[in-house]
Amino acid sequence: MSWLIIASCVILCCSFSSFFRLEKLGALKWDKVVHGNQAWRLITCIWLHAGVIHLLANMLSLIFIGIRLEQQFGFSTLSVPFCSGSVLSSLFIQRSISVVASGALFGLLGLMLSELLTNWTIYTNKATALITLTVIIVINLAMGILPHVDNFAHIGGFLTDFLLGFVLLLRPQFGWVGHKHLPVGARVTSKHKAYQYLFLVIAMVLLIAGFTVGLVMLFRGENGHDHCSWCHYLSCVPTSKWHCGN
């Protein structure tokens, strides 16, 4: 039911976008964020879509990915808002407006991957699941190199939620789950493995450091391309069929 509520809100935003300019609705625009004191655009752009096809693709992704994760971990765990996709997008795309709704969906793929890795010991057929999920992620990110697709938002959402999964989606070990039924004095298995805590600490450090550096660079007006000369290929690769422009 909670995903239906989200879907209704997104459909409402999309329907309005056909009558008003996306910029008026809160689409991401670098100069407005940095020089116009409109940092709220880093949040509002997450809910906007560029058209009906964009909306339908995202809704299908929510159905196939979001519902399964919500059933396992709860709506509250998956509803923590993050604007990582919009931060990375505004660092590298500064001459046009952008809507980064798909960044959250790539975040779901990141959550699935980190959840599999951090709970590795409790899964069967894990190698097959890892290969399948990796192929899906690579294909989706590869589609982002087409022109007019904001792949920086996709990458930002994926990386942030990939790290966030190590923090929020830890599962207890099977031996600990049944410890209440053990006889008094029996040895109780640790709730989590040592590697799970290690992943958690590393992920927290990277999340805090990444957001801090990204926001500082953004509000200092820096351009991400000045620090990464090849990063433009992550969002668009020119071919004989199209050009990427600036």
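Trainee: Where is H35 found?
Mentor: H35 sits in helix α3. Helices here are DSSP runs (H or I, at least four residues), numbered from the N terminus. Keep in mind that this is a predicted model, where local features need pLDDT of at least 70, side-chain atom pairs count only at pLDDT 80 or more, and totals for chains, interfaces and linings use all residues. Residues are numbered from 1 along each chain as its sequence is written, and side-chain values use heavy atoms, with hydrogens and water left out.

Trainee: Does H35 count as buried or exposed?
Mentor: H35 counts as exposed because its relative accessibility is 59%. The cut-offs are under 20% relative accessible area for buried, over 50% for exposed and partly exposed in between, with a 1.4 Å probe and protein chains only.

Trainee: And how many Å separate the C-alpha atoms of H35 and F219?
Mentor: They are separated by 8.4 Å, although the two residues lie 184 residues apart along the chain.

Trainee: What about Q38, buried or exposed?
Mentor: Q38 is buried, because its relative accessibility is 18%. Q38 lies in the loop between α3 (30-35) and α4 (41-44). Leaving aside residues up to four places away in sequence, Q38 touches K32 and V33, where contact means heavy atoms within 4.5 Å.

Trainee: Switching to helix packing: how do α5 and α8 cross?
Mentor: Their axes come within 10 Å and cross at roughly 35 degrees. Axes are lines fitted to C-alpha atoms, for helices over the stretch in contact, and angles run from 0 to 180 degrees between N-to-C directions. The α5 and α8 crossing is left-handed, meaning that the near helix is turned anticlockwise from the far one by less than a right angle; clockwise would be right-handed.

Trainee: Which residues make that contact?
Mentor: Among them are H54, N58 and L62 of α5, and L105, L108 and M112 of α8. By class, the contact of α5 with α8 has 10 nonpolar, five polar and two charged residues. Ala, Val, Leu, Ile, Met, Phe, Trp, Tyr, Cys and Pro count as nonpolar, Asp, Glu, Lys and Arg as charged, and the others, Gly among them, as polar.

Trainee: And how do α8 and α10 cross?
Mentor: The axes of α8 and α10 come within 6 Å, crossing at roughly 35 degrees. In this pair, α8 passes α10 in a right-handed crossing. The contact of α8 with α10 holds 12 nonpolar, nine polar and one charged residue.

How values were computed. Helices (H or I, at least four residues) and strands (E, at least two) are DSSP runs, numbered from the N terminus.
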